[in-house]
Amino acid sequence: MEGNFQEGGFTIPSKGLYPFQWKWDSAFIAIGFAHYDIEKAKMEIRTLLDAQWENGFIPHIIFHTENDSYFPGADFHRSELHPQSSKKYRSTGMTQPPVTGFVLQEMYRIAEDKESMLAFIKEQIAKVYQNHTYFYANRDPNDEGLVYIYHNWESGTDNSPVWDDIWETMNPPEYEFERKDTTHVDASQRPSKREYDHYLHLIDIAKEHRYNDDKIAELSPFLVQDPLFNAMLIKSNQALLELYELIGGYEFEKANLMAWQKKSIENFNTKLFDPELGAYVHYDLRNNRLIRHISSSSFSPLYANIPNQERAEILVKTMMDKFGGDDKYLCASFDPKSERFNPRKYWRGPVWINMNWMLYYGLKNYGFDEVAKRIKNDSIALIERDGFFEYFDCRKDNGETTRIGYGGGDFSWSAALLIDLLKT
Ligand code: DGY
């Protein structure tokens with residue numbers, strides 16, 4: 001974390017592979033800093049929120065520096081096309097899961113000096129609230145309390161097999177470009193060239209319309225209600241409500257937050273739960289159908305208290321039956337029993353520490369203390385075995401004696417969230 005901290009007041013996820021500020025990375029990193037350097041934690045969030053657009057939008061990558069070791073960079077994304085984009089920073093025109101609300105609350109939980117942390121929260125909370133207003137006003141065309149994402153990179157689970165169903169409906173041109181990620185990490189651990197064609201094509205469509213949300217909702221072939229993204233929004237709504245309670249006042253904001261919560265939680269439970277699979281799944285809003293695959297995102301609603309106890313038990317049973325064998329570390333990012341599962345490839349199977357961290361607290365919420373303990377111990381064991389990698393093989397024996405940590409090395413959030421797990 002110290003090594004990845006930058007002069008601009010933010011932390012890169014991993015040297016070489018990810019040389020800028022990423023939204024959800026920064027937020028998770030702040031949780032780690034809060035345990036030992038509270039001023040850095042505040043700085044991380046302050047820098048992130050400083051890049052907010054005039055319409056409340058917070059971008060997924062903030063390009064603080066010129067750096068040609070990453071593709072696609074600022075010149076491809078061209079955030080300046082949007083009339084309300086930041087005049088101070090270039091960024092992408094897409095976002096990432098809305099984690100900043102609950103991260104402010106986690107920072108409050110961790111802080112020893114509560115008064116000073118509350119002063120910081122008072123200074124920043126309006127920006128997070130504006131961000132939620134942006135989501136409900138612009139990303140929920142059917143007024144369901146369920147917001148859409150228009151790009152797989154917005155989900156955070158970049159190349160999940162869930163998206164394969166959508167790629168089948170698209171036929172983008174073959175782009176000519178130079179990949180940079182595969183110069184840092186073995187190609188077998190990264191998305192394919194054809195997947196990148198899809199990713200770039202979606203950005204091109206959005207750029208053609210200057211990142212206008214209405215146009216994107218109308219035209220993007222990728223339009224998905226993602227359970228992880230919406231669970232993070234709901235968790236952050238709850239966090240904002242509780243923080244406003246602590247601050248006092250803010251009746252207007254609290255009333256809006258409560259109304260959003262009611263609608264969002266109700267529709268999340270009716271629309272995104274698949275009783276046959278025993279799990280929450282994604283909804284393809286463009287093609288009006290459920291995408292019926294189980295991923296670690298399927299269990300994330302536990303962290304936001306979305307299911308009732310009975311449904312939480314169903315979720316945990318599904319998790320243990322499919323992901324929880326003794327030969328595996330919890331929790332694979334994709335259903336290990338699916339033919340699309342790949343234990344080495346990014347979000348197609350490997351274990352991610354941020355998901356484990358969320359599931360740990362989610363399981364605790366419902367009293368599944370044993371499973372929570374296992375997920376915590378598995379996370380520690382994986383990092384102890386190989387170091388602070390970006391993701392890990394879920395197989396205890398992968399038939400090789402070589403390492404099972406993959407992707408970027410010295411990965412910041414793996415370190416940050418390990419600190420939090422060790423301290424709880
Ligand atoms: C990447 O480049 O793979 C990033 O994760 C996109 O956010």
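**Exercise 1.** In what order do the 3 strands of the open sheet lie, and is their pairing parallel or antiparallel?

*Solution.* The model is predicted, with local features requiring pLDDT of at least 70, side-chain atom pairs counting only at pLDDT 80 or more, and totals for chains, interfaces and linings using all residues. Residues are numbered from 1 along each chain as its sequence is written, and side-chain values use heavy atoms, with hydrogens and water left out.

Strands here are DSSP runs of E with at least two residues, numbered from the N terminus, and two of them pair if DSSP finds at least two bridges between them. The order is S3-S4-S5, and the pairing is antiparallel. At the edges are strand S3 (21-22) and strand S5 (90-91), each of which pairs on one side only.

**Exercise 2.** Which residue of S5 is the bridge partner of Phe63?

*Solution.* Begin with strand S4 (residues 61-63), which is joined to S5 in the antiparallel sense over 2 bridges. The partner of Phe63 in S5 is Arg90.

**Exercise 3.** Which residues surround the ligand?

*Solution.* Counting residues with a heavy atom within 4 Å of the ligand, one finds Tyr18, Trp22, His60, Tyr70, Trp153, Asp158, Arg190 and Tyr346.

Next, consider the polar contacts (pairs of N or O atoms within 3.5 Å). An oxygen atom of the ligand lies 2.8 Å from an N or O atom in the side chain of His60, while for the side chain of Asp158 the corresponding distance is 2.7 Å. For Tyr346, a polar side-chain atom is 2.8 Å from an oxygen atom of the ligand.

Terms used. Polar contact = N/O pair within 3.5 Å; in protein donor to acceptor, adjacent residues only side chain to side chain. Helix = DSSP H or I, 4+ residues; strand = E, 2+ residues; numbered from the N terminus.
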